[in-house]
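Hi,

Here is the structure I promised to pass on to you. Have a look at it first, and then read my notes below.

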Amino acid sequence: MTLGAAAVARADDKITIVVGGYEKQIYLPAKLAEGLGYFKDEGLDVELLNDTAGVDAETEMLAGTVQGVVGFYDHCVDLQGKGKFVESVVQFSQAPGEVILVSAKHPEIKSAADFKGADVGVTGLGSSTNFLTLYLAQKAGVKPNEFTTLPVGAGATFIAAMQHDQIQAGMTTEPTIGRMVKSGDASVLIDMRTVKGAEDALGGTYPAASLYMPTAWVESHKDTVQKLANAFVKTLKFINTHSAAEITDKMPKEFYGDDKDGYVKGLDAGKGMFTPDGVMPEDGPKTVLAVLQTFKKELQDKQIDLSKTFTTEFVKNVK
């Protein structure tokens, strides 16, 4: 056995990461890092588990059954309000990559102010789509008890819920957005796929997709976390230096099905949401806290230490 092979054989124990829907383009770096072989290059044995809603992924991480989550950074802020410390170790994006779609059957919904009395789809209750929907409604003058957020997942389940009029509007990501707009079933009402769109809707840069892990685990497994950061920062650099078509070619075929062009088009429009280096945008955490404090009473009267909700130590060490 060569020295190199011995190093790989002594790879860290298996790392299990739950992804809040790995076919969603917002979480594309997870599957792309695997497809490009960057985990293996670092001598890591990483298993990616798929979950439709970030809130379930978070529960598994807190229970200790998985080591990390690819999900929205806002969970790190929300959990500190509950006395639990987790941190974003690689920040994938600086915009949510989400939109509110409105059903073609409901042209009367022209803004979030028209959510009153409506059923609005989210991936799961307690998920980031739920947080953002509540914020957008509140900002437009609609209180949480004046409309219903329904957990309908993403992809096929979201599409079916809108087609069957279980939801009149809903928050989702690419490639679902492209499918629904192309079929004429829905149109985009609020667009947060770009940094500018996020600033307009949410009042600032909104760091979203990230790899987050329990702070105690990060502190006790620094070598492993550094290797994960190495793999993911390389992946973000790949995204930043390759076309949407080149990136799509590295993704599993089932992610785009028979509409590869639509997938490429969606990725081309939203690629700018990804950070080039995994570093948390400086003004981002305070925007997230301000959004959550709008409707979360448990965060309104607590002193949240935002510096403990993320770390740039590992991404800044990447060579």
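**What I found**

Pro-175 sits in the loop that runs between β8 (169-173) and α8 (176-183). Please keep in mind throughout that this is a predicted model. What kind of peptide bond joins Glu-174 and Pro-175? The bond is cis, with an omega of about 10°.

Asp-165 is found in the loop between α7 (156-163) and β8. Asp-165 has a positive phi, about 60°, although the residue is not a glycine. Its relative accessibility is 32%, so Asp-165 counts as partly exposed.

Next, a lysine. Lys-31 belongs to helix α2, which covers residues 28-35. Is Lys-31 buried or exposed? Lys-31 has a relative accessible area of 15%, and because buried means under 20%, this lysine counts as buried. As for its neighbours, leaving aside residues up to four places away in sequence, Lys-31 touches Tyr-22, Leu-48, Met-251, Pro-252 and Phe-255. There is also a polar contact between the side chains of Lys-31 and Glu-34, at 2.8 Å.

Now to a pair of helices. The axes of α6 (residues 128-139) and α9 (residues 195-202) come within 10 Å and cross at roughly 55°. Which residues make the contact? From α6 they are Leu-132, Tyr-135, Leu-136 and Lys-139, and from α9 they are Asp-200, Ala-201 and Leu-202. Sorted by class, the contact of α6 with α9 has five nonpolar residues and two charged ones, with no polar residues.

Finally, an alanine in helix α13. This helix spans residues 260-270, and Ala-269 is found in it. With 48% relative accessibility, Ala-269 counts as partly exposed, because exposed would mean over 50%. How far apart are the C-alpha atoms of Ala-269 and Ala-244? They are separated by 8.9 Å, and the two residues are 25 residues apart along the chain.

Best wishes

How values were computed:
Residues numbered from 1 in each chain as written. Predicted model: local features only at pLDDT ≥ 70, side-chain atom pairs only at ≥ 80, totals over all residues. Heavy atoms only, no water. Helix = DSSP H or I, 4+ residues; strand = E, 2+ residues; numbered from the N terminus. Buried < 20%, exposed > 50% of the residue type's maximum accessible area, 1.4 Å probe, protein only. Polar contact = N/O pair within 3.5 Å; in protein donor to acceptor, adjacent residues only side chain to side chain. Contact = heavy atoms within 4.5 Å. Axes fitted to C-alpha atoms, helices over the stretch in contact; angles between N-to-C directions. Nonpolar A, V, L, I, M, F, W, Y, C, P; charged D, E, K, R; others polar.
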